[in-house]
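Please look over the sequence and the model shown below before reading on.

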Amino acid sequence: MTPDDFPYPDTNYQEDNRGQFHFSTRGGWMNDVNAPLYYRGVYHLYYQHNPFSLVWDTMHWGHATSTDLVHWTQRPIALDPHVHPGDLWSGGGVVDTGNASGLKNGDDDPIIVYSGTNGVTVFYSLDGGATFTAYADGKKVVTPGGTSRDPKVFWDPVSKQWGMVVWSDEGGNGVDFSTSANLLDWTFASRYRADWLFECPNLIRMPIDGGYRWLLHGGSGEYQVGDWDGTAFRTDWTEPQKINQTATHAGSGYYAALNFENLPNDRVVSMAWQGENKGSIWTGNASFPVDLALHHTDDGLRVFSTPIPELASLRESTQSRANLTVEDGVQQIPAGSTYELEATIDVSQATRFTLKVGRAVTYQDQRLDGAELLPVNGKIKLHLLVDRDQLDVFGNEGAVYQSYNVRPAELELVAEGRAVVEQLTIHQLRSIWR
């Protein structure tokens, strides 16, 4: 499908509730992030897409590219059910820089993506991720028992082989792991069963303490940290934690996150699907990219999420205030509807503190909207990304991460007791579409 074949209506991306720095498809339906990867200076974002309707149906893989993870350009559809075999549902992808597959034919390294329901289908690109061919006419290379979907492939530099994780419901929720030397022929390795592990699984090698641990998460962002021995994932955790501490489910403000493959310097950048935003010509958007990192806490290793620093390239004006006291009352702050907010608040004398930004972001009893957030010397740090109908909330340098779709409203600071906003900075952000 060429750009001229796009069935989309004209748009300048300025519809009332369309995010101005969260990616959304030009028109049609968007859901899960698929096969995010980095190749020769370009970030590729594929996604579940129905270009012909505002509801889920007849999945394609949409495609967008960026050179900075912030500004995105929509490209022709990458996988089309009229051309490519199988159910083109969610999956991951890798850059075959060593030509393990033997598919290379030309200057570009093969880019290989995985999709399909009730069996995994392989597609490969020899032109840098623009167009794809079905491997072996679409034969299934892995077929787990029961219902299955959402294959994700990763590289293990210790065992020097590729791994694949696929969700299936055989015997209950869980994932099958397979391994491969060439990305095409796969051998079953193990199964990891967990009631919480539903859909869109992901296994990520995470740097920590000069070494590495492995992070396994599912579609709702629930995760456990453990070790991968080349054939199986093992952990001593009994309960999962959550990357995004909201009511995450398909169609919510956060679901089906994947990390970009092939990033240099062990960087882990993740994007998810936000399903509650819609307009007259599109449905759904992607979350703003975050850097994921493991940190030691009093409760053990935890994932911290922070907005990528490339966001700063959108700042066009900044206003700052210091030592703003709010005591048993409300303070209104002019802010607009597309901005970044950073604040340090002394809450030692407040029983409740709220930032109203279309949603009440409330800190009370050492919890930020239900997620534990312990003050440090009586203070908390909040970092908000407000983008019309999209809202991302970060607490204490990423210890808490929450994403919502909301209706924008004037910024208000509300306190019960006495709160001192020691520092408040608001960066107005320009649109990525202009």
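## Domains and annotated regions

According to UniProt, in an unreviewed entry, the annotation "domain: Glycosyl hydrolase family 32 N-terminal" covers residues 22-299. The model in which this region is seen here is a predicted one. Over residues 370-427 the chain is 0% helix and 69% strand, with end C-alpha atoms that are 27 Å apart.

Apart from these annotations, the domain assignment of the chain gives domain 1, which covers 28-307, and domain 2, which covers 315-429. The centres of domain 1 and domain 2, taken over C-alpha atoms, are separated by 32 Å, and the contact takes 20 residues from domain 1 and 18 residues from domain 2.

## The largest pocket

The largest pocket holds about 720 Å³ of space, and its lining is made of 27 residues, of which F304, E372, L373, A399 and V400 lie nearest its centre.

Sorted by class, the lining of the largest pocket has 10 nonpolar, eight polar and nine charged residues.

## The second largest pocket

In the second largest pocket there is about 530 Å³ of space. Of the 25 residues that line this second pocket, W155, R205, E261, N262 and L263 are the closest to its centre.

The strands β5 (93-95), β9 (148-156), β13 (202-208) and β14 (211-217) each supply at least two residues of the lining of the second largest pocket, and the largest share, four residues, comes from β13. By class, this lining has 16 nonpolar, four polar and five charged residues.

## The enclosed cavity

A search of the whole structure finds one cavity of 30 Å³ or more, and the volume of the largest cavity is about 70 Å³. The largest cavity is lined by 13 residues, and those that lie nearest its centre are S90, G91, D150, C200 and L258. Two or more residues of this lining are given by each of the elements β1 (28-39), β9 and β18 (255-259).

When the lining residues of the largest cavity are divided by class, six are nonpolar, four are polar and three are charged.

N34 lies in strand β1, and with a relative accessible area of 0%, under the 20% limit, N34 counts as buried. Leaving aside its neighbours within four places in sequence, N34 is in contact with L45, Y46, Y47, Q48, W61, W89, S90, G91 and L258. The residues N34 and H22 are 12 residues apart in sequence, while in space they are 16 Å apart, from C-alpha to C-alpha.

T344 is found in strand β24, which covers residues 338-356. Is T344 buried or exposed? T344 is buried, with a relative accessible area of 15%, and, not counting residues up to four places away in sequence, T344 touches K379, I380, K381, V420, V421, E422 and Q423.

## Residues with a positive phi

Most residues other than glycine have a negative phi. Y13, although it is not a glycine, has a positive phi of about 65°; Y13 lies in the segment before β1 and is buried, with a relative accessible area of 13%.

E199 has a positive phi of about 65° as well, although E199 is not a glycine. The place of E199 is in the loop between β12 (187-193) and β13, where this residue is buried, with a relative accessible area of 14%.

Note on methods. Residues are numbered from 1 along each chain as its sequence is written. This is a predicted model: local features need pLDDT of at least 70, side-chain atom pairs count only at pLDDT 80 or more; totals for chains, interfaces and linings use all residues. Side-chain values use heavy atoms; hydrogens and water are left out. On a 1 Å grid over the protein atoms alone, a cavity is a set of points where a 1.4 Å probe fits but cannot get out, and a pocket is an open set with protein on both sides within 12 Å along at least five of seven lines; lining residues have an atom within 4 Å of a point. Grid points are joined across faces, edges and corners, and a volume is the space filled by probe spheres set on the points. Ala, Val, Leu, Ile, Met, Phe, Trp, Tyr, Cys and Pro count as nonpolar, Asp, Glu, Lys and Arg as charged, and the others, Gly among them, as polar. Buried means under 20% relative accessible area, exposed over 50%, partly exposed in between (1.4 Å probe, protein chains only). Contact means heavy atoms within 4.5 Å. Domain bounds come from an automatic or database domain assignment. UniProt positions are given in the numbering used here, feature names are shortened, and annotations may be inferred rather than shown by experiment.
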